[in-house]
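Visitor: Could you walk me through this model, taking the nonpolar cores and then the aromatic rings?

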Amino acid sequence: MNEANVVTPLFHGANLIRLRRWVYPVLVTMIMLAWFAYLTLNNRWDLYLDYWPMSLTMLFGSFIGSSTPQGGAAVAFPVFTKLLQIPAADSRTFGFMIQTIGMTMASVLILARGIKILPKAILWVTVGGALGTILGTYVFIMPNPYPRILFTLGATAFGVALFISRWVLQWEPRQALPGWGAGYLLLFIMVGVLGGVFTAQTGSGANMIAFIVLTLAFGIDEKIGTPTSVIIMALNSWVGFFLHGVISQDIGIVWDYWIVAVPVVAFGAPLGAYVVSRVSRDVLISFVLFLITVEMVTTILLIPFTNSMVVTTALVLGGCALSFFAMLYYRQKRLALLPAATE
């Protein structure tokens, strides 16, 4: 067994069973007490009168974000920018902030229940993701409306990859990566950098790109790729929150959006992580594809495309097609020659 690729329960052994069961309840209780104290001591309960749509959005977003490889920002970003008319920058920052609660709590549940993940992929995508998020925040900054278009293109490419992986190709999903080497380390760092630049614009992305590579290039089971991507997004979100909250200090009104949504995601995200561990692969994939279709259609209907935007879209889609072909070629011609890792 390649122990580097599959994790066992974080807490194990007869003497630690009870501790393992109490990790999530203790953490969520601490979060709720801090949230309640903040609103009460600062007399801010009236925030719900103005910002209840944020709570409603994350009622669905937290569940979807942790039960699919898309992240909570995959719901928050399009709803905020298209329906609530919130600037893309604020929507992005909200995505980072809310995922530090939702995705972190979902990650705690994943680890405590011993749900299978790929630890080394998480480590090196996160390392690259931190660098990519810094670059995307301070160097490669996209003007509006390109972040919204980029988000849709990324989600669409992700959907196509998922469809090909499940229903076009016939393959037995792998439970772990076939070994580990310097090439894999470099690959996952590069995946993290690209995903981090993407995430810096929209609040989500490193998780989706990592999931695409894991499933298309390595044939990893979606039910392992999903919790792996959830943990990647949780860690990447903390980086983004730190950059905007501590370094740039440009959170502003987004803090109020975040506060009203905290209790919703603290419960909704772990629920999504639990449900995805119980449903079939086809149910999970079909649900993700439905969400992506809605995102693509609403973008086409609500965002006017200029000639430059059409050219950019074509180039990005072309790049995605070439990347998918390369990953599929690797899996079909080279990965097939390697023995599948066993649990």
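Guide: A nonpolar core is a set of buried Ala, Val, Leu, Ile, Met, Phe, Trp, Tyr and Cys residues joined through side-chain atoms within 4.5 Å. Please keep in mind that this is a predicted model.

Visitor: Which element gives the largest share of the largest nonpolar core?

Guide: The largest nonpolar core has 48 residues, and those with the most contacts inside it are Phe158, Phe188, Phe218 and Phe324. Among the elements that give two or more residues to this core are helix H4 (88–112), helix H8 (206–217) and helix H12 (307–334). The largest share, 10 residues, comes from H8.

Visitor: How many residues apart in sequence are the parts that the pair of Tyr38 and Trp255 ties together?

Guide: The structure holds 12 aromatic pairs, and one of them, formed by Tyr38 and Trp255, is edge-to-face, with 6.0 Å centre to centre and 70 degrees between the planes. Tyr38 lies in helix H1 (residues 17–41) and Trp255 in helix H10 (residues 254–276), so the pair ties together parts whose separation in sequence is 217 residues.

Visitor: Are Phe241 and Trp258 buried or exposed?

Guide: Phe241 and Trp258 form an edge-to-face aromatic pair, 5.7 Å centre to centre with 75 degrees between the planes. The pair links Phe241 in helix H9 (residues 222–247) with Trp258 in helix H10. Buried means under 20% relative accessible area, and both Phe241 and Trp258 are buried.

Note on methods
Residues are numbered from 1 along each chain as its sequence is written. This is a predicted model: local features need pLDDT of at least 70, side-chain atom pairs count only at pLDDT 80 or more; totals for chains, interfaces and linings use all residues. Side-chain values use heavy atoms; hydrogens and water are left out. Rings of Phe, Tyr and Trp (its six-membered ring) pair if their centres lie within 6.5 Å; planes under 30 degrees apart count as stacked, over 60 as edge-to-face and the rest as tilted. Helices (H or I, at least four residues) and strands (E, at least two) are DSSP runs, numbered from the N terminus. Buried means under 20% relative accessible area, exposed over 50%, partly exposed in between (1.4 Å probe, protein chains only).
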